[in-house]
Amino acid sequence: MRAQDSATGHRTIAVGGGGTETAATPATAPAPTAGTAQAGTTPATAPVPGTAPVPGTAPAPYAPQHAPKAPVRRGTLLASLGVVAFSLTFPSTAWGLESFGPWSLVALRSTLAALIAGCFLLTARAPVPERRHWAGLAVVAGGVVVGFPLLTTLALQTSTTSHAAVVVGLLPLTTAVLGSLRTGERPSRTFWVAALAGAVVVIGFTVQQSGGALTSGDLYLFGALLVCAAGYTEGGRLARVMPGWQVIGWALMLCLPFAVAGSAVALPLEPVHLTAHGVLGLVWVAAGSTFFGLYVWYKGMAGIGVPRASQLQLAQPLLTLAWSVLLLGEEVSAAAPLAAVAVLVCIAATQRTGRRRAPRPLPAGETGPVRS
C-alpha cells in the first residue's frame, strides 16, 4: 500500500481491514459533518442513550419522536372527572327527592345549570352556533338536559340507586349502537356478540330483581338509556365542528326558557320540604352532573377522542354502587355487583374490537376535529 495526500495536506496511511490511521491533522482541517463520524472513531458530540442531545447536533437515530403526552394526560384526567361526576348523579338525585318533587327537581336542575353555562359562555364570548347546528343541539338538550334527568328521577322514586346503576351501565353500549346508525361506523362481529351478551345480563338482572316482570322504574331507565345515548351521539358529532363544552353550554341555554316555565308550574303543585341533603343534592345535579360533568366530559373527549373516553365511563356503574352504600346506606344485593362486573366485561370486550368502516365524512363546509 502507498501513502496518499489529500488536497488539504491531510495524510493518511491505509491499513488492513478497511480502516484508516491518521498520521497528521493540521489545525485547518475541516470538522466532521454534524451527525457523522470518522470510521473507527466515536465523535465527542454523539448523544448517549438517556441524555439530551448536544445543541446543534442531529437527533440520535435510536430516539424516535413521540407526540407530547401532556395533552393526552390532561384529556384523560378531564374525562375521568366527568365519569366521577356522573357516578354521583343517582345518589344526589335521591337526596334531591327528599326536598323536591320529581318535576320540580328536574326543572330547577336545568335552570341552575343553564344559568351557570350562560355565565361561562358570556365570559368566553363564545360565538352563537350556526343555524344548521341548532337541530343537533336540540337533540342534545332533549337527551342529556331534559330526557335523561327526568326519566331517571321518575325511576328513582321506585328503584334503588344501585339497581339503576346496573341498568344504566349499558349506556356506553347503547351509545355505540346509535352512533353506528348515525355516523356510519360498522363495528366487528365480536363487538355485537359482546353487546348482546351485555344486554342479556342487564335484562336478566332487572327481571330477577323485579320478581319476574319489568316495573315502571325499569321502563323509565331503559327510556333514559335511549334518549341519553342519542344526546351523547349527537353531542359527539357536534364536538367535531365546535368545542365540546360549548355543545352542552348552548344546549342548556336552549332549554332555559322551558326550565324556567317548568319551575314556575311545578313548584306550587309539588310539596317542598327543604333539608340539607335535598339542597345539596339539587346543587350537585345542577352544577356537578349537568354542567361540570358534561363540561369536562366533552372537553376530555376533544383531547383523547370518543373511543378512549367511552372506556373510562365503564367504571361509572361500580362507582355509583360504592356511592349508594357510602352516602345512602343502601344494602346492595349480591346480584347487583356481579351484574355490574359482567356488564363491564361485556362492554370492555366491545371497546377492544376494531371497526369495519370509517365514520361518514363531515358535511361540506364543516371541518374537524375542533379542540376545546
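Helices are taken here as DSSP runs of H or I with at least four residues, strands as runs of E with at least two, and both are numbered from the N terminus. By this convention L226 lies in helix 8. The structure is a predicted model, in which local features need pLDDT of at least 70 and side-chain atom pairs count only at pLDDT 80 or more, whereas totals for chains, interfaces and linings use all residues. Residues are numbered from 1 along each chain as its sequence is written, and side-chain values use heavy atoms, with hydrogens and water left out.

Grid points are joined across faces, edges and corners, and a volume is the space filled by probe spheres set on the points. By this rule one cavity of 30 Å³ or more is counted, and the largest cavity holds about 270 Å³ of space. Its lining comprises 23 residues, of which F86, T89, F148, Y232 and Q316 are the closest to its centre; a residue belongs to the lining if it has an atom within 4 Å of a point. At least two lining residues are supplied by each of helix 1 (70–87), helix 2 (89–96), helix 4 (134–155), helix 5 (161–168), helix 6 (171–183), helix 8 (216–238), helix 10 (276–304) and helix 12 (316–328). Sorted by class, the lining of the largest cavity has 14 nonpolar, eight polar and one charged residues, where Ala, Val, Leu, Ile, Met, Phe, Trp, Tyr, Cys and Pro count as nonpolar, Asp, Glu, Lys and Arg as charged, and the others, Gly among them, as polar.

Burial is described by relative accessible area, with buried meaning under 20%, exposed over 50% and partly exposed in between (1.4 Å probe, protein chains only). In helix 1, A79 is buried at 0% relative accessibility, and A79 is 6.1 Å from A309, C-alpha to C-alpha, although 230 residues separate the two in sequence. V285, in helix 10, is likewise buried, with a relative accessible area of 1%; V285 and F90 are 195 residues apart in sequence and 8.7 Å apart in space, C-alpha to C-alpha. V168 lies in helix 5 and is buried at 6%, and its C-alpha atom is separated by 8.2 Å from that of A224, 56 residues away along the chain. By contrast, L226 is exposed, with a relative accessible area of 52%, and the C-alpha atoms of L226 and T174, 52 residues apart in sequence, are 6.9 Å apart in space.

Two salt bridges are present in the structure, each defined as a side-chain nitrogen of Lys or Arg within 4 Å of a carboxyl oxygen of Asp or Glu. One of them joins R237 to E234, with the closest N and O atoms 2.8 Å apart. Both residues belong to helix 8, where they are three residues apart, about one turn of the helix; R237 is buried at 15% relative accessibility, and E234 is buried at 7%. The other joins E130 to R132, with the closest N and O atoms 2.1 Å apart. Here E130 is partly exposed, with a relative accessible area of 44%, and R132 is partly exposed at 43%.

On the surface, L267, V272, L274, V279 and V283 form a nonpolar patch with about 390 Å² of accessible area together. Such patches are made of residues with over 30% relative accessible area and no salt bridge, nonpolar side chains (Val, Leu, Ile, Met, Phe, Trp, Tyr) being joined within 5 Å and like charges within 9 Å, and the areas come from the Shrake-Rupley method with a 1.4 Å probe, only the protein chains shown counting as cover for residues.

Most residues other than glycine have a negative phi. R125, which is not a glycine, has a positive phi of about 50°. This residue, R125, is found in the loop between helix 3 (102–124) and helix 4, and R125 counts as exposed at 77% relative accessibility.

Terms used:
1 Å grid on protein atoms, 1.4 Å probe; cavity = no way out; pocket = protein on both sides within 12 Å on 5 of 7 lines; lining within 4 Å.
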